[in-house]
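Morning, everyone. Please have the sequence and the model up on your screens. I'll take it piece by piece.

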Amino acid sequence: MELWFSEMHTPNIKISIKVDKQLCSIKSPYQRIDVFESADLGRFLVLDGFMMLTEKDEFIYHEMITHVPMAVHPMAKNILVIGAGDGGVLRELIKYDHIVNIDVVEIDEEVVRVCKEYLPKTASSFNDERATLYFEDGLKFVRRQENKYDIIIVDSTDPSGPGEGLFTMEFYGNCFKALKQDGILINQHESPFYAEDAMTVKRTHKRIVHSFKMSRVYQAHIPTYSRHWLFGFASNGLHPLKNLNADKWNDLGIKTRYYNTNLHKGAFYLPGYVEELLSDVE
């Protein structure tokens with residue numbers, strides 16, 4: 001008997017992956033956590049039935065959400081990561097020797113435990129001495145911070161369940177307060193392709209535009225998600241292209257598989273349908 005994992009993208013469209021083995025299935029206080037193994041994508045993590053990452057292409061997402069702000073703010077020393085219990089963002093951040101402190105806030109301790117056990121290539125850096133892990137609600141954590149961080153990276157799930165509060169006006173306002181004057185906020189911005197997802201993109205962008213002087217969106221193509229994926233870049237002092245310090249970033253010698261500074265520039269040139277979508281709320 002064949003076992004397939006299927007995820008609905010719309011009521012009429014789904015993606016299916018043939019599963020060789022189910023490695024883990026538990027119910028945490030917040031969500032159901034599953035890890036599967038497949039021939040073509042390797043191991044993959046599923047939360048409440050939604051694909052989070054695969055070993056095959058997680059590097060695309062994690063490099064684009066991490067190295068874009070680091071190349072604009074190349075000497076950032078104090079970083080906050082919200083979500084990211086799989087450890088992929090942390091793995092990319094520890095490549096920078098000049099970073100002094102990384103606070104990682106994950107609401108679900110079981111996600112970290114499962115990823116350490118079953119996805120060690122992604123969750124390989126939690127023991128780095130610069131990282132401090134907090135198991136609590138990111139919305140509540142950021143309320144207590146002020147003028148502290150150079151960069152905040154919000155690696156959240158979709159805007160439902162445990163991740164719902166990380167898409168609110170209150171949350172983005174608190175991120176504004178927690179950042180230093182030239183700080184950068186990065187968030188995963190969902191996909192603009194299907195109608196329901198596009199509405200989430202518009203709502204999210206509208207709320208961030210309301211909170212920050214400058215807000216831009218950039219893109220990547222992630223095979224596992226089978227969609228055109230967006231990220232948000234917001235700041236009151238730095239521009240993602242005008243302040244890109246490509247030479248300085250390249251001199252750091254950071255090893256990446258997807259991100260480079262030429263791609264950085266191109267990622268902010270969006271297709272017409274996405275520009276039109278975003279222009280309605282800017």
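Start with strands β1 and β2. β1 covers residues 3-10, and β2 covers residues 13-19. The two run antiparallel, joined by 7 bridges. Keep in mind that this is a predicted model. How many residues does the hairpin use to join β1 to β2? It uses 2.

Next, the open sheet. What is the order of its 4 strands? The order is β3-β4-β5-β6, and the pairing is antiparallel. At the edges sit β3, residues 21-27, and β6, residues 50-54. Each of these edge strands pairs on one side only. From one strand to the next, the twist averages 20°.

Now zoom in on β4 and β5. β4 is residues 32-38, and β5 is residues 42-47. There are 6 bridges between them, and the strands run antiparallel. Find Ile33, and you will see Leu47 of β5 opposite.

A helix belongs in this picture too. Helix α3, residues 109-118, lies across β3, β4 and β5. Relative to β3, α3 runs at about 160°.

On to a single residue, Asp103. Where is Asp103 placed? In strand β8, which spans residues 101-105. Is Asp103 buried or exposed? Asp103 has a relative accessible area of 2%, so it counts as buried. Its side chain makes a polar contact of 3.3 Å with the side chain of Asn101. What else does Asp103 touch, leaving aside neighbours within four places in sequence? Ile79, Leu80 and Val81 are among its contacts.

Last stop, a pair of helices. α5 is residues 169-178, and α6 is residues 195-211. They pack at an angle of about 35°, and their axes are 9 Å apart. Is the crossing of α5 and α6 left-handed or right-handed? It is right-handed. Which residues meet there? From α5, they are Met169, Tyr172, Gly173 and Phe176. From α6, they are Thr204, Arg207, Ile208, His210 and Ser211. By type, the residues of this contact divide into 4 nonpolar, 4 polar and 1 charged.

How values were computed. Residues are numbered from 1 along each chain as its sequence is written. This is a predicted model: local features need pLDDT of at least 70, side-chain atom pairs count only at pLDDT 80 or more; totals for chains, interfaces and linings use all residues. Side-chain values use heavy atoms; hydrogens and water are left out. Two strands pair if DSSP finds at least two bridges between them. Buried means under 20% relative accessible area, exposed over 50%, partly exposed in between (1.4 Å probe, protein chains only). A polar contact is a pair of N or O atoms within 3.5 Å; within protein, one must be able to donate a hydrogen and the other to accept it, and residues adjacent in sequence count only if both atoms are side-chain atoms. Contact means heavy atoms within 4.5 Å. Axes are lines fitted to C-alpha atoms, for helices over the stretch in contact, and angles run from 0 to 180 degrees between N-to-C directions. A crossing is left-handed if the near helix is turned anticlockwise from the far one by less than a right angle, and right-handed if clockwise. Ala, Val, Leu, Ile, Met, Phe, Trp, Tyr, Cys and Pro count as nonpolar, Asp, Glu, Lys and Arg as charged, and the others, Gly among them, as polar.
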